[in-house]
Amino acid sequence: MQRRRFSTGRSLIAVAAAVGFVASACGGESGPPTVTWYVNPDAGGQEQLAAQCTEAAEGEYQITTALLPRDAPGQREQLARRLAAQDPDIDLMSLDPAFIAEFADAGWLTEVPDDIAADVTDGAVQAAVDVSTWNDALVAVPFWANTQLLWYRKSVAQEAGLDLENEPVTWQQLIEAAQSQETLISLHGIREEAYAVWINALVESAGGQIVENPDAPANEIQLTVDSDAGRQAAEIIQLIAREGVGGPGLSNQDEEGAMHQFNGEESAFMLNWPFVWAAINGAVEEGNLTEEFLDDIGWAPYPAVAEGEDARPPYGGISLAVSAFSDVPEAALDAAACIVTPENQAAYFAAEGNPASHPDAYENPDVQDAFPMADVILQSLEQAGLRPHTPYYNEVSEGLQATWHPPADVDPERTPADATTLITEVLRGERLL
Amino acid sequence: MSATKVEEPTRTTAPEQRSERARAERRLGWWLAGPAFVVLLAVTAYPILLAVYESLFKYRLTDPDAREFVGLRNYAIILTDPVWWRAIGVTLLVVVVTVAIELVLGFALAMVMHRALRVLRPAIRTAILIPYAIITVVSAFAWLYAFQLDSGFVNSWFSWVPGITPETDWFGSFGPAITVIMLSEIWKTTPFISLLLLAGLSQVPDDLHEAATVDGATWWQRLYKVTIPNMKAAVMVALLFRALDAFRIFDNVFIMTSGAHGTEVVSFLAYRQTISRLEIGLGSAVSVLVFLSVIVISLTIIRLFNVDLARARGEV
Amino acid sequence: MAAERRTTSNRAMWIVIAIVVLVYALFPVAWIVSLSLRTSTDIASNQFLPGEVTWGNYEGILVGDAQELFLSALRNSIGIVLIATFIAVVLATLAAYAIARLDFPGKRVILTTALAVAIFPVISIVTPLFNLWRTIGLYDTWPGLIIPYLSLTVPLAIWTMSAFFRQIPWDLELAAQVDGATSWQAFRKVIVPLAAPGVFTTAIIAFFIAWNDFVYGISLTASERARPVPAALAFFTGGSVFESPTGPIAAAAVIVTIPVVILVLLFQRRIVAGLTQGAVKG
């Protein structure tokens with residue numbers, strides 16, 4: 001049911017792309033304009049969409065893909081350096097929402113014209129539109145939208161007396177359940193973006209915000225993490241680290257490490273993106289994990305901070321942006337619009353485990369089949385809490401990481417205040433980071 | 001190093017007819033050596049001057065319009081920031097610990113190479129050269145994976161050591177993390193030191209040893225009284241080279257911790273300001289400060305230990 | 001320790017010492033090789049030796065999904081490093097000849113400059129170059145790395161080579177000329193064979209230094225267009241975003257280690273001579 005990660009499919013795509021290229025190259029003297037699309041690494045899904053849209057364009061344009069680094073900050077660094085150099089080789093980019101504001105503010109993104117904008121935002125999940133917007137203009141086209149769920153072993157949850165299928169759970173209850181069953185909660189406490197994502201989700205879920213006025217200039221940005229919500233978030237992290245329910249490697253564990261931990265014996269709960277479902281299914285198919293384990297996995301919305309309040313799960317994903325220095329912006333915009341149709345989003349979702357940003361895609365039978373938790377994902381996306389949508393998000397995130405890491409040293413009385421001081425001073429240009 | 005204390009070799013004043021030839025030789029000398037000299041300056045002096053210039057601005061790549069001249073303000077920010085001093089502290093710790101261990105270990109290796117059975121020498125030399133020639137990043141990955149929780153064998157091999165359990169997270173706090181970083185650094189660079197020391201060892205005249213042996217000196221006495229004093233120059237060169245090389249440490253930190261748990265070193269700090277944060281002004285200022293630190297360290301070592309590089313090269 | 005005093009126990013001791021040195025030097029290499037031959041599940045077993053040997057990681061980077069990343073990096077590394085080495089050797093040969101053979105003021109200035117450049121903190125050059133390259137279009141290109149690599153290779157080449165050249169008995173050239181050879185013949189038949197080993201050794205050492213570079217590699221490139229192997233290793237992706245790249249990284253690490261091991265095996269004596277003379281002896 002799940003396309004294998006390493007598969008012959010990829011080489012077929014390559015062949016198809018090559019054939020498409022040869023075919024279109026034969027078409028005319030100069031050939032159609034080439035849209036170079038910088039993609040984040042995946043299992044070949046974006047390459048396939050590129051081939052499809054090249055074909056659908058019938059000679060209007062052709063899309064070739066180029067690969068970005070693995071993690072979002074690496075992608076940002078690489079794109080930022082080249083855009084700052086006004087590199088015309090980049091036409092279309094798969095952008096992590098965290099850096100859209102920064103790129104748009106620097107004037108590196110082409111505004112999406114109204115007709116395309118109306119098309120691609122119609123019905124899309126609000127969060128996906130919000131992160132793709134800067135100064136009231138749509139600067140990127142929502143493609144896929146990511147959020148985290150609580151994944152758990154049904155058997156252990158039952159033992160612990162949790163009815164996760166029907167009842168929302170709080171962090172407190174989750175920690176107690178893990179302790180009572182002597183098991184772990186697999187989280188990502190590594191000093192990377194993943195940790196900032198977790199902190200932000202906790203603060204948002206507690207009803208707070210890390211930054212009050214994300215669209216302000218650097219020296220006017222107000223941090224509001226030193227608040228009750230910030231302290232509650234810190235308490236939860238402190239508790240998890242202190243009680244050891246995050247496991248011994250919490251401070252170096254990323255999402256992938258969390259998944260490996262969950263796949264092992266010692267962990268029964270995990271907060272993670274839906275890619276894990278695709279990955280675990282793949283591992284079962286390869287015989288590295290058992291069917292029994294797969295059947296035992298349940299899913300639920302992100303835990304709440306306070307009982308009776310909805311959680312605000314993390315938001316991630318990818319939007320497509322057109323470089324301001326592209327020689328073929330019109331073709332790139334058309335390509336983007338082609339790539340993000342709900343049908344393509346559904347196909348991409350089913351193949352890669354990266355959820356769609358358009359609700360229609362969730363009704364696709366392939367998606368429903370491959371992701372029985374599709375409805376929970378959509379619901380989580382609608383509740384998701386955004387990371388601060390500011391051009392200085394990199395400073396905010398690194399400042400959070402610097403002050404909140406390692407998790408074991410988090411102190412509700414001190415850490416949020418430290419973060420506020422550090423980030424404020426960094427944004428005022430008074431400190432290093 | 002301008003501090004080398006050797007006067008130009010004095011030549012006997014040339015007769016009239018030779019001066020023409022001397023001038024031609026001088027010209028040819030500069031024609032031949034000039035290109036290399038120009039390249040050396042172009043790839044270092046020019047960039048560092050550029051860095052000095054850029055360090056005087058507040059300049060962020062994502063916001064080029066806001067570029068403004070701020071004088072020495074970037075330096076003031078850095079020098080009053082504990083982040084800088086901490087990075088300096090960590091870097092110096094790495095320098096002192098690794099260089100100390102490497103000198104001892106490198107000396108032992110040099111002795112082994114110097115005195116091993118003739119048939120074993122090529123094998124030992126080859127083995128020693130492998131860490132030297134291997135890419136630092138590869139070494140960093142090897143040590144990282146050896147200690148890392150989800151792939152490493154170290155915890156299971158050394159679980160009998162008190163304090164090491166299968167769950168010991170070596171990259172979970174400063175002490176163990178910096179230890180592994182230094183292990184990789186030491187493994188990779190000790191061979192270089194040992195080769196420098198080997199060169200020094202082979203300069204110690206054999207008859208001195210024999211004389212000492214005849215006088216009834218023990219092995220240790222010979223080592224301390226004869227060998228080491230006679231290779232002081234080589235030791236100092238090794239010390240200077242390695243100390244400054246260790247001060248530049250970057251690859252191991254980047255691969256293993258990315259500066260987490262307080263393991264940030266000065267090179268990494270500079271890299272992050274410029275390359276990650278795109279703060280060209282601030283990053284340039286850090287770079288200039290790192291450069292100045294290297295100068296201070298070289299002068300200190302030269303003064304402190306009275307290193308005479310020219311003498312070390314046997315030019316006197 | 002004179003040869004005649006070597007006893008059996010002495011011999012045994014030396015063999016033990018040699019084994020210790022071999023283990024010291026080769027252990028991490030063996031570990032990386034072991035990692036490269038395993039599946040990701042096997043890597044997670046926390047054992048030193050592989051449970052089951054697989055070539056999957058090598059396939060992945062040589063013919064599989066990761067080949068674009070790795071092979072382009074390998075091509076970049078080989079090309080850039082060879083060019084940088086070649087330029088350095090040419091420049092240094094001329095300079096070292098002048099230093100060893102001719103008498104001119106400024107010899108010491110050149111050697112001192114070379115030494116200063118050799119200890120120059122690389123990171124201090126990277127920051128300004130990053131901005132400069134961006135402006136003049138050298139960013140993420142081969143020349144954009146070749147030029148800064150000269151700061152690594154030229155000083156070392158000058159020192160090593162001038163040490164070698166100092167030992168060449170230049171008078172032989174004159175003697176040959178006296179014997180009726182033209183100066184070109186004398187140079188080619190007498191001097192070139194004497195100088196060639198030094199030039200060659202210098203080239204190998206310069207190659208190692210440039211091959212090892214990481215800071216320039218990650219800072220001054222942004223894509224497969226120019227990114228060299230060490231930098232590519234740090235950016236390596238597994239099969240997907242969330243697949244651990246440990247196995248492929250180990251395999252790539254082994255492949256890039258092979259050339260240096262071959263060079264070391266073939267030329268260990270020369271390399272040792274080059275390193276020791278360049279640094280210490282005149």
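Colleague: In which sense do strand S3 and strand S11 of chain A pair?
Modeller: This is a predicted model. S3 covers residues 92-95 of chain A and S11 covers residues 315-322. Between these strands there are 4 bridges, and the sense is antiparallel.

Colleague: What is the bridge partner of A:Ser94 in S11(A)?
Modeller: A:Ser94 pairs into S11(A). Its bridge partner there is A:Leu320.

Colleague: Which strands of chain A stand at the edges of the open sheet of 5 strands?
Modeller: The order is S2-S1-S3-S11-S6, with mixed pairing. An edge strand here has a single partner strand, so one of its sides is left without a neighbour in the sheet. The two are strand S2 (62-67) and strand S6 (141-147) of chain A.

Colleague: By how much are neighbouring strands of this sheet turned against each other on average?
Modeller: Direction is ignored for this value. The average turn is 20°.

Colleague: Which helix of chain A packs on this sheet, touching S1, S2 and S3?
Modeller: The helix spans residues 45-56 of chain A. Its direction makes about 165° with that of S2(A). The helix is H2 of chain A.

Colleague: Which strands are the edge strands of the open sheet of 4 strands in chain A?
Modeller: That sheet has mixed pairing and runs in the order S8-S9-S7-S10. Each edge strand pairs on one side only. They are strand S8 (184-186) and strand S10 (297-300) of chain A.

Colleague: Which residue of S10(A) stands opposite A:Leu150?
Modeller: Strand S7 (residues 149-153) of chain A pairs with S10(A) in the antiparallel sense, over 4 bridges. Opposite A:Leu150 stands A:Ala300.

Colleague: What angle does the direction of helix H11 of chain A make with that of S9(A)?
Modeller: H11 (residues 255-263) packs on the sheet. The helix touches S7, S8 and strand S9 (267-272) of chain A. With S9(A), the angle is about 155°.

Colleague: Which helix supplies the largest share of the side of chain A that touches chain B?
Modeller: In this contact, 22 residues of chain A meet 25 residues of chain B. Helix H3 (72-84) and H11 of chain A each supply at least two residues of the chain A side. That side divides into 9 nonpolar, 8 polar and 5 charged residues. The largest share is 4 residues, from H3(A).

Colleague: Which helix of chain B gives the most to the side that touches chain C?
Modeller: The contact takes 89 residues from chain B and 87 residues from chain C. On the chain B side, 59 are nonpolar, 19 polar and 11 charged. The top contributor spans residues 16-54 and gives 19 residues: helix H1 of chain B.

Colleague: What is the handedness of the crossing of H5(B) and H7(B)?
Modeller: The contact includes B:Trp143 and B:Phe147 of H5(B), and B:Leu183 and B:Trp187 of H7(B). Its residues divide into 6 nonpolar, 3 polar and 1 charged. The crossing is right-handed.

Colleague: Parallel or antiparallel: how does H10(B) run relative to H13(B)?
Modeller: H10 (residues 232-247) and H13 (residues 280-305) of chain B pack at about 160°, with their axes 10 Å apart. The cut-off is 145, and angles over it count as roughly antiparallel. That makes H10(B), relative to H13(B), roughly antiparallel.

Colleague: How many nonpolar residues has the contact of H10(B) with H13(B)?
Modeller: H10(B) passes H13(B) in a right-handed crossing. Among the residues in contact are B:Leu240 and B:Phe247 of H10(B), and B:Ile297 and B:Phe305 of H13(B). The contact has 1 polar residue and no charged ones; the nonpolar count is 10.

Colleague: What radius of gyration has chain A?
Modeller: Chain A has 19 helices and 11 strands. Its C-alpha atoms fill a box of roughly 70 × 55 × 35 Å along the principal axes. With 433 residues, a compact globule would come near 22 Å, and chain A agrees, at 22 Å.

Colleague: How many helices has chain C?
Modeller: The C-alpha atoms of chain C fill a box of roughly 70 × 70 × 35 Å along the principal axes. Chain C has 0 strands, and its helices number 12.

Technical notes:
Residues numbered from 1 in each chain as written. Chains lettered and ligands numbered in written order. Predicted model: local features only at pLDDT ≥ 70, side-chain atom pairs only at ≥ 80, totals over all residues. Contact = placed C-beta atoms within 7 Å. Nonpolar A, V, L, I, M, F, W, Y, C, P; charged D, E, K, R; others polar. Pairing = 2+ DSSP bridges. Axes fitted to C-alpha atoms, helices over the stretch in contact; angles between N-to-C directions. Left-handed = near helix turned anticlockwise from the far one by under 90°. Rg over C-alpha atoms; globule rule 2.2 N^0.38 Å. Parallel < 35°, antiparallel > 145°, perpendicular 65-115°, else oblique.
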